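Please look at the structure below before reading on. The text then goes through it part by part.

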Amino acid sequence: MYPKRVVLACLARTGCINAATTARGMQQIGLAFVLEPALRELYPEPADFARAMGRYAGHSNTHPFMIPLFVGILLSLEQAIAKGSLPEAALNSVRETLATTLSALGDSFFSGTLLPLWSLLSVSLLLAGFTSLAVMLAIGLFCALLLFRAICFISGLRYGLATLVQLRRLNLINWVDRLKMINAALAALVIWHLPLSRIKPFPWTAYALGAAAVLTAAWLVGYMRLPRLLLWAVTTGALILVDLGFIGM
């Protein structure tokens, strides 16, 4: 097991991995920076250390929120390589597959679902005048994210690839569709708080149709797998026709 100072150093550096992103190597330089304390601990000989760093000289990219888990698993694999129980040649294929898998999960669950959920909920709270609640929500979610990153890092370091089995049991992908329906409801709530709600008499028909359209769009994307780009193109085209007077409102 790595010394505590090395573990804490690697965990702290995961927050800086995107500071040196390049168009060619993506997170390549940042990943080497994160792993450097652990690799230097495992391989005190300069030649061994240089060979270990060379294993991460290629392209590397995964979702920022999944970086701690990615790094934790890599450090676990490096321990196995240092002990001779895992061949060096196996690392590259495992690293690339792992990065792609975690990136897909992070893009779907965090970027595509949780971040919009936080944004819509915050906008709704701000429009309703609950500024303090919006600030508390942001702070709470930020702390939860830090805790999630730390737990993922320690789990990946301790259990290695077996952590992916535990991650699969959380069933995060299936939660995406459910949370997107909540996002659709929050979008309707945001519309409710817009100046439209102060129009007298209130245009109930227009509001009901708009809310139904948002919920229908969420259902089409979430369950019917309709491409979002196609839905956007159809909606934009319809609005242009309305503006030109070809479709009456």
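This is a predicted model: local features need pLDDT of at least 70, side-chain atom pairs count only at pLDDT 80 or more; totals for chains, interfaces and linings use all residues.

Residues are numbered from 1 along each chain as its sequence is written, and side-chain values use heavy atoms, with hydrogens and water left out.

Begin with the domains. The protein chain is divided into domain 1 (4–198) and domain 2 (204–244); such bounds come from an automatic or database domain assignment. Taken over C-alpha atoms, the centres of the two domains are separated by 32 Å. Ten residues from domain 1 and eleven residues from domain 2 take part in the contact, where contact means heavy atoms within 4.5 Å. Between the domains an area of about 910 Å² is buried, and carbon and sulfur atoms give 74% of that area. Buried area here is the accessible area (1.4 Å probe) that two parts lose on being put together, summed over both. On the side of domain 1, Asp-177, Met-181 and Trp-192 lose the most area to domain 2, together 47% of what that side buries.

Next come the aromatic rings. The structure holds three aromatic pairs. Rings of Phe, Tyr and Trp (its six-membered ring) pair if their centres lie within 6.5 Å; planes under 30 degrees apart count as stacked, over 60 as edge-to-face and the rest as tilted. Phe-65 and Phe-110 form an edge-to-face pair, at 5.2 Å centre to centre and 85° between the planes. Because Phe-65 lies in the loop between helix H3 (46–54) and helix H4 (67–83) and Phe-110 lies in helix H5 (residues 89–127), this pair ties together parts that are 45 residues apart in sequence. Helices are DSSP runs (H or I, at least four residues), numbered from the N terminus. Phe-110 is buried, with a relative accessible area of 8%; buried means under 20%, exposed over 50% and partly exposed in between (1.4 Å probe, protein chains only). Phe-109 and Phe-110 also form an edge-to-face pair, with 5.1 Å between centres and 85° between the planes. Ring pairs link Phe-65, Phe-109, Phe-110 and Phe-148 into a cluster.

Arg-24 is found between helix H1 (4–13) and helix H2 (28–42), in a loop. Arg-24 is exposed, with a relative accessible area of 79%.

Conventions:
Helices (H or I, at least four residues) and strands (E, at least two) are DSSP runs, numbered from the N terminus.
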